[in-house]
Amino acid sequence: MPKTILLADDSPVIGQTLYRALATEGSYDLCAQAADGSEAISLAKQYKPDLVILDLAMPKMNGLETARELKKIMPTVPIILLTLHASTVKELFAEDSCVDLVIPKGDFARLVEHVRALLLPAS
């Protein structure tokens, strides 16, 4: 059974691109897409994804606020934060345990590589 991924990004283009990138992998399913943080929390409760990918800059709740709420609900689910300012965000939130990885937005090859690493079956 494929591992499920929830994506929250207010850009439909990012969702479509990520969907295509993950579809080539075959072992992942983009189970739901949210346009903002509050929708992501609602969908996470409904779908119980294996991994969550959040855009930092979203309306209503940003990605970091959303990640903090999601970790309260699903503490073991890995969360990847996408941002145009990855190096700055990594430094600012290095101590924040609600995010497992910060990746530059648009670096889909690297994103898929990290998705693979975070969702490796336990041996």
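Me: What makes the meeting of the Asp 9 and Lys 105 side chains a salt bridge?
Reply: Their N to O distance is 3.1 Å. A salt bridge requires a side-chain nitrogen of Lys or Arg within 4 Å of a carboxyl oxygen of Asp or Glu, so Asp 9 and Lys 105 qualify. Please keep in mind that this is a predicted model, where local features need pLDDT of at least 70, side-chain atom pairs count only at pLDDT 80 or more, and totals for chains, interfaces and linings use all residues. Residues are numbered from 1 along each chain as its sequence is written, and side-chain values use heavy atoms, with hydrogens and water left out.

Me: Why is this pair said to link distant parts of the chain?
Reply: Asp 9 sits in the loop between β1 and α1 (12-23), while Lys 105 is in the loop between β5 and α5 (108-118), 96 residues apart. Those element names come from DSSP runs numbered from the N terminus: helices are H or I with at least four residues, strands are E with at least two.

Me: Why is Asp 9 called buried, and Lys 105 partly exposed?
Reply: Buried means under 20% relative accessible area, exposed means over 50%, and partly exposed lies in between (1.4 Å probe, protein chains only). Asp 9 has 6%, so it is buried, whereas Lys 105 has 22% and is therefore partly exposed.

Me: How do you know that Asp 9, Asp 55 and Lys 105 form one network?
Reply: Lys 105 also meets the side chain of Asp 55 in a salt bridge, at 3.0 Å from N to O. Asp 55 belongs to strand β3, 50 residues from Lys 105, and is buried at 4%. Salt bridges that share partners join the three residues. By the same rule, the count comes to five salt bridges.

Me: What separates Lys 72 and Glu 69?
Reply: About one helical turn, because they are three residues apart in helix α3. Lys 72 counts as exposed at 63%, and Glu 69 as partly exposed at 32%.

Me: What makes a group of residues a nonpolar core?
Reply: They must be buried Ala, Val, Leu, Ile, Met, Phe, Trp, Tyr and Cys residues joined through side-chain atoms within 4.5 Å. The largest such core has 24 residues, and those with the most contacts inside it are Leu 6, Val 52, Leu 54, Leu 70 and Val 99. Its largest share, four residues, comes from α2. A second, separate core of 18 residues includes Leu 7, Ile 14, Leu 30 and Ile 80.

Me: Why is Cys 98 called buried?
Reply: Its relative accessible area is 4%, so Cys 98 is buried. Cys 98 is found in the loop between α4 (86-92) and β5 (101-104). Leaving aside neighbours within four places in sequence, it is in contact (heavy atoms within 4.5 Å) with Leu 64, Ala 67, Arg 68, Lys 71 and Ile 79.
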